[in-house]
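Colleague: I would like to learn how to read the features of a model like this one. Could we go through them in turn?

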Amino acid sequence: MADYPLAAASMGATAQAPAGKAASKTESSAVTSIVECMVPGLPEDWREAAMVVELAKPGDDTGAVQYLVARGEAKVPDQRFVPCDLRKPAVALIEARKLPPEAQRGWTGARLTIHRDGKFNLKYEYPKK
């Protein structure tokens, strides 16, 4: 294994807040689990990695997931990579939605972006009303 701050990314993700607000304990736990699975599949020169989950409708237990990485000088994650398990990270995020207030559970899209310094952003998309 190469000597780069992957362990730091895993541990740092727990302490960082998504999009400048405090992460809930459930989100932090889910993100830690997700990052631990994403890290082994990342190339040495990764800058930013993302997991993108799309559900057909709110409340679905399954959907589509992509794992993308930005390498070197790339500005956005655009290359696919394989985490430790294709299902585990997405399932962790879907399971975490059971605890927030009901109005926040109905997302149909989620994007978790992790940065090499350990910070993360977690953004949800909701169906148009």
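**Reading the features**

Modeller: C84 has a relative accessible area of 47%, so this residue is partly exposed. Keep in mind that the model is predicted.

Colleague: To which residue is C84 joined by a disulfide?

Modeller: The general idea comes before the case. A disulfide is a covalent bond between the sulfur atoms of two cysteines. Here C84 is joined to C37, with 2.0 Å from S to S. The angle about the S-S bond is -110°, and the link of C37 and C84 is left-handed. The two cysteines belong to distant parts of the chain, 47 residues apart: C37 is in helix 2, and C84 is in the loop between strand 3 and helix 3.

Colleague: Is C37 buried or exposed?

Modeller: C37 is buried, because its relative accessible area is 1% and the cut-off for buried is under 20%. C84, at 47%, is partly exposed.

Colleague: How many disulfides does a search of the whole structure find?

Modeller: The search finds one.

Colleague: Now the sheet. What is the order of its strands?

Modeller: For strands in general, the side chains of a regular strand alternate between the two faces of the sheet. In this model, five strands make an open sheet in the order 3-2-1-4-5, and the pairing is antiparallel. Strand 3 (79–80) and strand 5 (120–125) stand at the edges; each has a single partner strand, so one side of each has no neighbour in the sheet.

Colleague: Over how many bridges do strand 2 and strand 3 pair?

Modeller: Strand 2 (residues 64–71) and strand 3 pair over two bridges, in the antiparallel sense. V69 has Q79 in strand 3 as its bridge partner.

Colleague: And over how many bridges do strand 4 and strand 5 pair?

Modeller: Strand 4 and strand 5 pair over six bridges, again in the antiparallel sense. I114 stands opposite F120 in strand 5. The two strands form a hairpin with four residues between them, and G118 in the turn has a positive phi of about 100°.

Colleague: Which residues of helix 3 are buried?

Modeller: They are P89, A90, A92, L93, I94 and A96. These buried residues pack against helix 2 (25–38) as well as strand 1, strand 2, strand 4 and strand 5.

Colleague: Last, the aromatic rings. How many aromatic pairs does the structure hold?

Modeller: A pair of aromatic rings is described by the distance of the centres and the angle of the planes. The structure holds two aromatic pairs. Y67 and F81 form one that is edge-to-face, with 6.1 Å centre to centre and 65° between the planes. Y67 lies in strand 2 and F81 in the loop between strand 3 and helix 3, so the pair ties together parts that are 14 residues apart in sequence. Y67 is buried at a relative accessible area of 4%, and F81 is buried at 8%.

W107 and Y124 form an aromatic pair that is tilted, with 5.5 Å centre to centre and 40° between the planes. Because W107 lies in the loop between helix 3 and strand 4 and Y124 in strand 5, the pair ties together parts that are 17 residues apart in sequence. W107 counts as buried at 1% relative accessibility, whereas Y124 is partly exposed, with a relative accessible area of 27%.

Colleague: Which residue lies over the face of W107?

Modeller: R97 does, at 5.7 Å from the ring centre.

Methods
Residues numbered from 1 in each chain as written. Predicted model: local features only at pLDDT ≥ 70, side-chain atom pairs only at ≥ 80, totals over all residues. Heavy atoms only, no water. Pairing = 2+ DSSP bridges. Buried < 20%, exposed > 50% of the residue type's maximum accessible area, 1.4 Å probe, protein only. Contact = heavy atoms within 4.5 Å. Disulfide = S-S within 2.5 Å. Phe/Tyr/Trp six-rings, centres within 6.5 Å; stacked < 30°, edge-to-face > 60°. Lys NZ or Arg CZ within 6 Å of the ring centre and 35° of its normal.
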